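Here is a short report for a first look at this protein. Start with the order of its elements, then move on to the strands and the surface.

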Amino acid sequence: MATLGLQILFESGRELLIKAQPERDPVKEKWMIGIMVSVTLVKLVLMLYCRRFQNEIVKAYAQDHFFDVITNSIGLGTAVLAIKFYWWIDPLGAILIALYTMGNWANTVMDNVWALIGKTAPPEYLAKLTYLIWNHHEEIRHIETVRAYTFGSQYFVEVHIVLPQDMTLPQSHNIGQTLEDKLEQLPEVERAFVHVDFDTIHPPEHKPKGTPSSSP
């Protein structure tokens, strides 16, 4: 989209330099206006329809339709004004569309980059998860770790809880499994992982990067 915007900028600048005049054909003008108005109205209806849903993919469709409504409206308006009044309005409108295109899609790219790199969840959401975990079962003695980071439009959740040392394996497994199931029922959670331990005093469970192995 950035490349498209740059191409439109270059072409519009060239038309301004050579003072290119718009083609004036009444029949083509009517067809152009009719087609552009029809397409814009269809896009507007689709945008309003898609905005009724909470699904992120459908929201992306709504954003795309909104982008088309804006660019089509600007393009149609400036083309008609250029034919009726001043020739330079058309390339000026194209420049506005190009700038809007690059700015709009740059923001979209940045939003998706943050979602893809594993950005941590906000503190209030982590607090919500912690409250849910602590009240999941009366045998939970300690919550050692609660992590949530983006995976697309949802979160991966990692939880580390401490249970009594004398608890049987089936009991601890059931508590951990039901907690995973409860977390994955949250609409924002894509996948949850629950690790169960019996104490809070132990060496790190993952070797830090760059630490040499103790084996010969």
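Read along the sequence, the chain runs α-α-α-α-α-β-β-α-β. That comes to six helices and three strands. The model is predicted.

**Strands**

Strand β2 pairs with strand β3 in the parallel sense, over eight bridges. Between these two strands the chain passes through helix α6, and this β-α-β crossover is right-handed. At one point of the pairing, V162 stands opposite D197 in β3.

The elements named in this report span these residues:

| Element | Residues |
|---|---|
| Helix α4 | 89-116 |
| Strand β2 | 154-162 |
| Helix α6 | 169-184 |
| Strand β3 | 189-197 |

**Chain as a whole**

The protein chain has 216 residues, and 30% of them count as buried.

**A nonpolar patch**

Which residues make the nonpolar surface patch of about 690 Å²? They are L16, L81, F85, Y86, W88, L92 and L96. Of these, L96 is found in helix α4. Is L96 buried, partly exposed or exposed? L96 has a relative accessible area of 46%, so this residue is partly exposed.

Conventions
Residues numbered from 1 in each chain as written. Predicted model: local features only at pLDDT ≥ 70, side-chain atom pairs only at ≥ 80, totals over all residues. Heavy atoms only, no water. Patch = residues over 30% accessible without salt bridge, like charges linked within 9 Å, V, L, I, M, F, W, Y side chains within 5 Å. Areas by Shrake-Rupley, 256 points an atom, 1.4 Å probe, with all protein chains shown as cover. Salt bridge = Lys/Arg side-chain N within 4 Å of Asp/Glu carboxyl O. Helix = DSSP H or I, 4+ residues; strand = E, 2+ residues; numbered from the N terminus. Buried < 20%, exposed > 50% of the residue type's maximum accessible area, 1.4 Å probe, protein only. Pairing = 2+ DSSP bridges. Right-handed = clockwise from strand over helix to strand, strands pointing away.
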